[in-house]
Amino acid sequence: GMVRSPKPLAGLRVRVVERALAVRVRPEGQYMISNIQPGEYTLEIEAQGRRPPRRKITVPAANYDVELK
């Protein structure tokens, strides 16, 4: 997936709430989560000093992009 934000992406992590699984977001905004079974999940975007927004996703899907404001 891809995280897009007008703010710097350094230090961001994407967490799959239901799996207690988290990955770092690359500086260009890209992230990859492997070995997820089909179903409904909640992504939480963790950033230092910010309240983590949550987004619902369905696996499989065409993309898993997240837009932050």
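**Salt bridges and nonpolar core**

Five salt bridges are present in the structure, which is a predicted model. Side chains of opposite charge can pair when their charged atoms come close.

One of the salt bridges joins the side chains of Arg4 and Asp65, with an N to O distance of 3.0 Å. Arg4 belongs to strand 1 (residues 3–4) and Asp65 to the loop between strand 5 and strand 6 (66–67), so this pair ties together parts that are 61 residues apart in sequence. Arg4 is partly exposed, at 38% relative accessible area, and Asp65 is partly exposed at 36%.

A salt bridge is also formed by Arg13 and Glu46, whose closest N and O atoms are 3.5 Å apart. Arg13 in strand 2 and Glu46 in strand 4 are 33 residues apart. Arg15 and Glu44 meet through their side chains in a salt bridge of 2.8 Å, N to O. Arg15 lies in strand 2 and Glu44 in strand 4, so parts 29 residues apart in sequence are tied together. Arg15 is partly exposed at 22% relative accessibility, whereas Glu44, at 8%, counts as buried. Salt bridges with shared partners join Arg13, Arg15, Glu44, Glu46 and Arg54 into one network.

The largest nonpolar core has 16 residues, of which Val3, Leu12, Val14, Tyr31 and Leu43 touch the most other members. Two or more residues each come from strand 2 (13–16), strand 4 (39–46) and strand 5 (54–59); strand 4 gives the most, with three residues. Beyond its neighbours within four places in sequence, Leu43 is in contact with residues including Val14, Tyr31, Ile33, Ile57 and Val66. The contacts of Leu43 also include Arg15 and Arg54.

Notes
Residues numbered from 1 in each chain as written. Predicted model: local features only at pLDDT ≥ 70, side-chain atom pairs only at ≥ 80, totals over all residues. Heavy atoms only, no water. Core = buried A, V, L, I, M, F, W, Y, C linked by side-chain atoms within 4.5 Å. Buried < 20%, exposed > 50% of the residue type's maximum accessible area, 1.4 Å probe, protein only. Helix = DSSP H or I, 4+ residues; strand = E, 2+ residues; numbered from the N terminus. Contact = heavy atoms within 4.5 Å. Salt bridge = Lys/Arg side-chain N within 4 Å of Asp/Glu carboxyl O.
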